[in-house]
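Visitor: Could you take me through one part of this model at close range, and then show me how that part sits in the rest of the chain?

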Amino acid sequence: MNKINTVLLLLFVCLSSFAQENDEKEKEKALRLSTNLTWDANKALSEDDFIAAEVNYRKAISKSTDNSAAPYNLGNAYYENETYNEAFGRFKEAGEASTTKTDKHKAYHNMGNVFMKRKDYAKAVEAYKEALRNDPTDEETRYNLALAKELLKKDQDENKQDQDEKDKDKDNKDENKDQDQKDEGENEDKKDQGEDGDKGDEGDKDKENKDDNNEGEGDNESDQKKKPEQGDGENQQNQQQPKPNQLSKQQVENLLRAMQNAEKKVQDKIDAKKVKGAKIKTEKDW
């Protein structure tokens with residue numbers, strides 16, 4: 001029984017080793033094929049045949065995921081054609097497939113270049129930093145990193161300035177709104193005060209009229225109060241006032257004077273008639 005188990009175990013190990021060896025051979029074969037397709041794509045690209053190059057690069061990528069050169073070169077081709085989204089995808093793919101620091105450095109350096117083209121300076125800074133981690137000696141990457149940092153700071157300052165201006169405009173609008181509300185409230189208060197003032201003026205006028213009336217009444221009262229104090233002259237006038245149905249001496253004299261004036265006018269008219277010879281209609285003048 002133990003011998004059987006031992007045989008089976010050995011058989012399993014042999015089969016596993018054979019399968020692993022076979023997989024390694026298949027990967028090596030696929031990598032060789034992918035590399036050949038990459039060379040064909042490079043040749044087509046050098047002959048300005050972008051379509052043929054793209055086709056061969058894609059075939060190479062599909063044959064082996066271990067071939068980092070194919071996606072990297074295809075990314076460069078897209079970058080030259082300003083197809084930056086496709087380029088970034090291929091550079092990222094190359095960075096993941098790379099097994100050496102040199103290849104990773106190149107992939108991340110070019111990812112940083114794509115971010116610079118997009119003006120995404122924050123991501124460019126991170127990509128260049130990752131590239132320098134894999135190759136700290138590359139001066140071009142170091143220069144690009146410094147440039148990305150400077151542009152990022154400039155963008156941040158401009159964004160802060162824009163935000164400050166927006167906040168200032170917002171504060172000014174709020175302040176103007178508050179001032180308008182304040183002015184509107186003051187106008188309403190003035191309007192209310194004006195109405196109250198008009199009512200007050202009317203009240204003052206009524207009061208003045210009332211005071212005038214009171215003054216008139218007061219004068220009358222004063223006159224009435226003064227009359228008893230005027231003395232004998234007024235008492236004499238009261239004594240000359242006639243009794244009912246009896247004319248006073250003054251009225252008799254006025255009546256006689258009026259009759260004399262009437263007789264004189266009649267006589268003057270008669271004399272005028274005699275002089276002019278014209279008929280005149282006599283009318284009463286009194």
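Guide: Let's begin with helix 6, where Tyr121, Ala124, Val125, Ala127, Tyr128, Ala131, Leu132 and Asn134 are buried. Here buried means under 20% relative accessible area, exposed means over 50%, and partly exposed lies in between, with a 1.4 Å probe and protein chains only. The model is a predicted one, where local features need pLDDT of at least 70 and side-chain atom pairs count only at pLDDT 80 or more, while totals for chains, interfaces and linings use all residues. Residues are numbered from 1 along each chain as its sequence is written, and side-chain values use heavy atoms, with hydrogens and water left out.

Helix 6 covers residues 121–134. Helices (H or I, at least four residues) and strands (E, at least two) are DSSP runs, numbered from the N terminus. With 14 residues, helix 6 reaches 20 Å from its first C-alpha to its last, close to the 20 Å expected at 1.5 Å a residue; the expected span is 1.5 Å times one less than the number of residues.

Now for the core. The largest nonpolar core has 28 residues, and those with the most contacts inside it are Phe91, Met116, Ala124, Tyr128 and Ala148. Such a core is a set of buried Ala, Val, Leu, Ile, Met, Phe, Trp, Tyr and Cys residues joined through side-chain atoms within 4.5 Å. Helix 6 gives the most to this core, with six residues. At least two residues each are supplied by helix 1 (2–46), helix 2 (50–63), helix 3 (69–80), helix 4 (84–97), helix 5, helix 6 and helix 7 (139–226).

Apart from neighbours within four places in sequence, Tyr128 is in contact (heavy atoms within 4.5 Å) with His109, Gly112, Asn113, Met116, Thr141, Asn144, Leu145 and Ala148. Helix 5 itself (residues 101–118) has 18 residues and reaches 26 Å between its first and last C-alpha, close to the 26 Å expected.

Between helix 5 and helix 6 there is a loop that holds Lys119. Lys119 follows helix 5 and has a positive phi, near 65°. Most residues other than glycine have a negative phi, and most peptide bonds are trans. Lys119 counts as exposed because its relative accessible area is 60%. A positive phi near 65° also turns up at Asp48, in the loop between helix 1 and helix 2. Asp48 is exposed too, with a relative accessible area of 73%.

Next, the charged side chains. Side chains of opposite charge can pair when their charged atoms come close. The whole structure has five salt bridges, each being a side-chain nitrogen of Lys or Arg within 4 Å of a carboxyl oxygen of Asp or Glu. Asp120 pairs with Lys123, the closest N and O atoms being 3.9 Å apart. Asp120 is partly exposed at 25% relative accessible area, and Lys123 is partly exposed at 47%. Further along, Glu130 forms a salt bridge with Arg133, with the closest N and O atoms 2.8 Å apart. Because Glu130 and Arg133 are three residues apart in helix 6, about one helical turn separates them. Glu130 is partly exposed, at 27%, whereas Arg133 is exposed, at 53%.

Asp157 is partly exposed at 40%, and Lys153 is exposed at 52%.

Stepping back, the protein chain comes to nine helices and zero strands. Of its 286 residues, 20% count as buried. Among contacts with a separation of 6 or more, 46% join residues 24 or more positions apart. The chain exposes about 22500 Å², and carbon and sulfur atoms supply 48% of that area; accessible areas come from the Shrake-Rupley method with a 1.4 Å probe, and for residues only the protein chains shown count as cover.
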